[in-house]
Amino acid sequence: MRLRHRKCIPSCSSHHRVDEDDYPWRHKKGNVLEWLHKTLTRKPILAQCITTAMVGPRTWIGGIFSRTGLKRSGSNKYIDFKWTPVQEARYQRLQDRTNVPYDETCIEHQKALVELWNLAYPNVTLQGLISDQWKEMGWQGANPSTDFRGCGFLSLENLLFFAKTFPTAFRRLLFKQRGIRAQWEYPFAVAGINVSFMLTQMLELYSVKPRCLHCVNFVKILGEDEEAFDVLYCIAFALMDAQWLAMHASYMEFNEVLQVTRTQLERELALEDIHRIRDLPAFNLLDT
């Protein structure tokens, strides 16, 4: 298998910003499915030419994917909620996972990284943990460990779970197999790290006990399914890519795409008829 080098040059792009008024907010899953279909299929109405040149590969982490660039967009409604022992234990384990940094000297972490490569490119021999081959997957440089500083080992676990659990969807996003792609595409691996971090913010995993409606509903789901966060990651990545295509986005719109993705996930998690993570309307994107 020969790896194809992708272009990373700016292009003109057309996009439609998904406005909150477009969303049929009636707390029903069926309405969200209708809105999701409309959002992902309608034609763009605003054309914008991106002429700003990329000022170096580190821009993806330091600039466009800035942690401070994401605004809180969920419901401001706070609710009191009595946690069960199972919910508390699973939420604590999830919090603990967010505190594990990626250690390039750790054999377990090295094996996990190599496993990710083998799942992504089963017919291509990896030359080493430091190799220019990693750039083909969307890492910023020859050493992926430097990119994990943004979200630690959790982000690698998320990518591995995606590759193992939904291999078809994983490869579709990795190889950009669907839709009319931008000439200047988002780098897959680094985007995955940012999706992980976006979810930790959205679910308030750095709080003692979140109280927002969508967070509380997630904790309830987590109490029934310990893999809920990992599945939600896969949903979020697929939804981000679908929004990227729907908005005809390019390099400079990534933060906006990520924000739209977060907004939709928060709203879907707040729906009253969601009891499993696979009940989210956007879960269907993993099967298409």
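View 1. Asp-225 has a relative accessibility of 22%, so it counts as partly exposed; here buried means under 20% relative accessible area, exposed over 50%, and partly exposed in between, with a 1.4 Å probe and protein chains only. The model you are looking at is predicted, so local features need pLDDT of at least 70 and side-chain atom pairs count only at pLDDT 80 or more, while totals for chains, interfaces and linings use all residues. Residues are numbered from 1 along each chain as its sequence is written, and side-chain values use heavy atoms, with hydrogens and water left out. Asp-225 forms a salt bridge with Arg-278, and the closest N and O atoms are 3.6 Å apart. The term salt bridge stands for a side-chain nitrogen of Lys or Arg within 4 Å of a carboxyl oxygen of Asp or Glu. Asp-225 sits in the loop between α8 and α9, and Arg-278 in the segment after α10 (254-269), so the bridge ties together parts that are 53 residues apart in sequence. Helices are DSSP runs of H or I with at least four residues, strands are runs of E with at least two, and both are numbered from the N terminus. Arg-278 is partly exposed too, with a relative accessible area of 32%.

**View 2. Glu-88 and Lys-209 joined by a salt bridge.** The side chains of these two residues, Glu-88 and Lys-209, come together at 3.0 Å, N to O. Glu-88 belongs to helix α3 (residues 85-98) and Lys-209 to the loop between α7 (188-202) and α8 (213-224), so distant parts of the chain, 121 residues apart, are linked. Glu-88 is partly exposed at 36% relative accessibility, and Lys-209 is partly exposed at 42%.

View 3. The Asp-241 and Arg-181 side chains meet in a salt bridge of 2.7 Å, N to O. Asp-241 lies in helix α9 and Arg-181 in the loop between α6 (167-174) and α7, so this pair ties together parts 60 residues apart in sequence. Asp-241 is buried, with a relative accessible area of 5%. Elsewhere, Arg-90, Arg-93 and Glu-226 are linked in a network of salt bridges. The total count of salt bridges comes to twelve.

**View 4. Helix α9 and the residue that follows.** Helix α9 (residues 228-246) has 19 residues and reaches 26 Å from its first C-alpha to its last, close to the expected 27 Å. The expected span of a helix is 1.5 Å times one less than its number of residues. In α9, 19 of the 19 residues are buried, so the helix is largely enclosed by the rest of the structure. Just after α9 comes His-248, with a positive phi of about 50 degrees.

**View 5. Two loop residues with positive phi.** Most residues other than glycine have a negative phi. Lys-176 is not a glycine, yet its phi is positive, at about 50 degrees. You can find Lys-176 in the loop between α6 and α7, and it is buried at 10% relative accessibility. His-248 is in the loop between α9 and α10, and is partly exposed, with a relative accessible area of 34%.

**View 6. Helix α5 crossing α7.** Helix α5 (residues 152-165) and α7 pack at an angle of about 110 degrees, with their axes 9 Å apart. Axes are lines fitted to C-alpha atoms, for helices over the stretch in contact, and angles run from 0 to 180 degrees between N-to-C directions. The two helices, α5 and α7, are therefore roughly perpendicular to each other, a term for angles of 65 to 115 degrees, while under 35 counts as roughly parallel, over 145 as roughly antiparallel and the rest as oblique. Among the residues that meet here are Leu-154 and Asn-158 in α5, and Phe-188 and Gly-192 in α7. Contact means heavy atoms within 4.5 Å.

View 7. Eleven of the 14 residues of α5 are buried, so the helix is largely enclosed by the rest of the structure. The buried residues of α5 pack against α3, α4 (107-120), α6, α7 and α9. Phe-161 is in helix α5 and is buried at 14% relative accessibility. Not counting residues up to four places away in sequence, Phe-161 touches Phe-166, Glu-227, Asp-230, Val-231 and Cys-234.
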